Amino acid sequence: MLKQRSNALIDLRARIARLERGETDGGRYPSMPFDIPAIDAALPGGGLVSGAVHEVTGSAAGGFVSMLAGRADGPVLWCVMARSGADLYGPGLAAFGLDTDRLVIARCATAADMLWAMEEGLRDPGLAAVVGEPDRAVALTASRRLQLAAETGGGTGLVLRRGAGKGDLSPSAVFSRWQADSVPLLGLPDTARSSIGGTRWRLDLLRCRGGGGGMNKAWVVEWCDATRDLSLVSDIVDRPGAARERQRLAG
Amino acid sequence: MRRGKGNVWRDDPAAPVALVAETAGRIVVTAVSDAASAAGIAPEMALADARAVLPGLRTMPADPEADAALRAHILSWCGRYTPFAAPEGADGVWLDVTGCAHLFGGEQAMLDDLLTRLGKMGLRGRAALTGTPGAAWALSHYGEACSIVASESVRGSIAGLPVSALRLGAATAMGLTRLGLKRVGDLYALPRAPLTARFSGEVSLRLDQALGRVEEPISPRRPPPRYRVRLAFPDPIGLTDDIQAGLRRLLHELCERLGQAQRGCRQLDLTLFRVDGSLQTVSVGTSVPARDAAHLAKLFAERLGTLDAGFGVEAMVLAAPVTEPLGAVQIDSPASGRSKANRSAVDRRAKPASSSPTGDRGQKPASSSPTGDRRPKDSNISPLIDRLGNRLGFDRVVGLRPRESFLPEYAVETVPAAAGDGDVLWRPGPVRPLRLLARPERLDTLAAVPEDGPPAAFRWRRVQHRLQAAEGPERIAPEWWRLDPGWDGGARDYWRVEDETGRRFWLYREVRPRRDGTSRWFLHGLFA
């Protein structure tokens, strides 16, 4: 018994060490490619790694996360706070590629329930993705738990923090951090304003384990409702002019 | 042994009333009030005939479910007289009052009390109390409204009743009457053999039951659930771990029995009998029938913390009050090896009946294969839904399904997560937002709004948004068959707009202007 326990301890310690070094468990789980070479190349495993938790902030985080969950092949659990005032809307989710026949929504009353539900979902190998919308930042310990649960279950965890900016990013054990902001359509003549076309996001990969330390990657992508297709609009590499370009994009 | 029997029905003395039901394409009277009965209307009469007899007859549709509910209520109410209460036929109640009458001041007082209280509930009953159920039935149906007959005089008291008082089938009663045997007393002297030869033992059995020559037990009301296991401890236990261990044993036993019956439970009640005589009960539910001991133990694990063992627990009872058929195919949970062993034992038994894919399970694990393939779409997540449902509440674990409506808030239906599957097809059409506000929120439009266009800017939740682009309008008119105060404002023109930062909103304007000529703007949805 004691020997078993010490074995388990050794196992855990090794795993924590691996985590701290920023490795995954040797590509045990496949990744979801974006099918955009510029983005996939910046990510370890050539896509969004499954069996890991990813955090998404920004003004367009909801749409981006719906799209990611829609790309996961299998049932999706989406945990929301019960009193959010704005319910997920089926046709809108379907427009981002998340069909509701494989969506389960858990309405959690408290933040503790939310974390518990996410952890349960991530640990279940039957789920392809688990989305959580906590009303405050996930603490370091909690994020570590979620990451471990995702490694056990193999699904993709997505922590959705709407409205949160770069400023309030607390330390976290998530695998990667994204910021997705909406991008206005600019430079179109007034006559084109009667149609607002596809959805554009500016994606910032703020942090990613094993993705080349400290690199700040940014892209502008466009989602087309009709074809359910994500395409690259421009590739913003972090260079001195990037800030200016961002300003220009933000109008 | 003394037994009583009551016979109750709804009663409205004021007017002739009949309950009617439609059977085989015609409307038939199922029950009548006193006044209607006096006018010659009887059950099983066609309503047309009854109306011909009594044009002023008032009718109400029969409600068998409500009747059954009322009878069930009366049954539990009869628990005040005796624990042994059982239903009889459609409208009767057996009460075994052996040793109970003295608590109410004697048999007569008890029957009076029963009938008085029933009368206060608006019901009229007939009761008979005598030594055998058969005689009690005969006296309550064919004797006086309230009769008490001592065991030794049963023979004489039912002799004068018609033979149908012996609970005989209509054909048998008719046959006896044709032979001139009209009264129960006529049968007393007859030799048994020819009677049995002619009427297949029914007559002599019923006669013997009425006269107490054959025992006829009454089984108590509320039979204990069929799937119920019990564990008693020689010494009281108090530790949560011990309770958990006991629960595991009970679950194992119960699941074994459910497996043999090819059933799964939808609800499980665990009752702890504490040494001080009090009870502690905890229930868990499942979204689909289940009988996986490990999975069910997980559901309980969340709840065991709320149990208080008090001074100790001397017995535990685990019951599955709600069970449903469950073949060998369904249960597949990502549970431990132990539960898999349990299940495969069950599956092996059940296999010849159905060609289930469970046999493959050994070779192919349910989780994603290491080759990098995506996981299978049909993976079973009902155990997860059960765990979520038991902690968050089953009404909070939901799915979204389309509904036929043009109104955005009605076009989506929230269903229990477990119920729906298969194709979900959303009506193709204009783009819809990702989130819909529970209530549309009023917007302040800052500049003058053009007659047929969106405002140039609006203020929502104290933040100003300048519009960059807009798409619309899409007019949605209220559906006249829905009474929704939210749509009192009439038709709406919806716009999909984008502000200067690229955020998108779903706005609408009430088409009908208000008295001052302006029309109000609302925000109904968000695209992020």
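The model is predicted: local features need pLDDT of at least 70, side-chain atom pairs count only at pLDDT 80 or more, and totals for chains, interfaces and linings use all residues. Residues are numbered from 1 along each chain as its sequence is written, chains are lettered from A in the order in which they are written, and side-chain values use heavy atoms, without hydrogens and water.

**Chain B**

Chain B contains 14 helices and 20 strands; helices (H or I, at least four residues) and strands (E, at least two) are DSSP runs, numbered from the N terminus. Of its 528 residues, 43% count as buried, where buried means under 20% relative accessible area, exposed over 50%, and partly exposed in between (1.4 Å probe, protein chains only). Contact means heavy atoms within 4.5 Å. Among contacts in chain B between residues at least 6 apart in sequence, 56% link residues at least 24 apart.

**Helices H5 and H6 of chain A**

In chain A, helix H5 (residues 111-123) packs against helix H6 (residues 140-153) at an angle of about 25°, and their axes are 7 Å apart. H5(A) and H6(A) are therefore roughly parallel to each other, a term for angles under 35 degrees; the axes are lines fitted to C-alpha atoms over the stretch in contact, and angles run from 0 to 180 degrees between N-to-C directions. Residues of H5(A) including A:Leu115, A:Met118 and A:Leu122 meet residues of H6(A), among them A:Leu146 and A:Ala149.

**Interface of chains A and B**

At the interface, 68 residues of chain A are in contact with 57 residues of chain B. The two chains bury about 5,200 Å² between them, with 56% of it on carbon and sulfur atoms; buried area is the accessible area (1.4 Å probe) that two parts lose on being put together, summed over both. A:Tyr89, A:Trp116 and A:Ile196 supply 16% of the area that chain A buries against chain B, more than any other three residues.

**Individual residues of chain B**

B:Ala35 belongs to helix H1 (residues 34-38) of chain B and is partly exposed, with a relative accessible area of 29%. Apart from neighbours within four places in sequence, B:Ala35 is in contact with B:Ala15 and B:Pro16.

Terms used
Angles under 35 degrees count as roughly parallel, over 145 as roughly antiparallel, 65 to 115 as roughly perpendicular and the rest as oblique.
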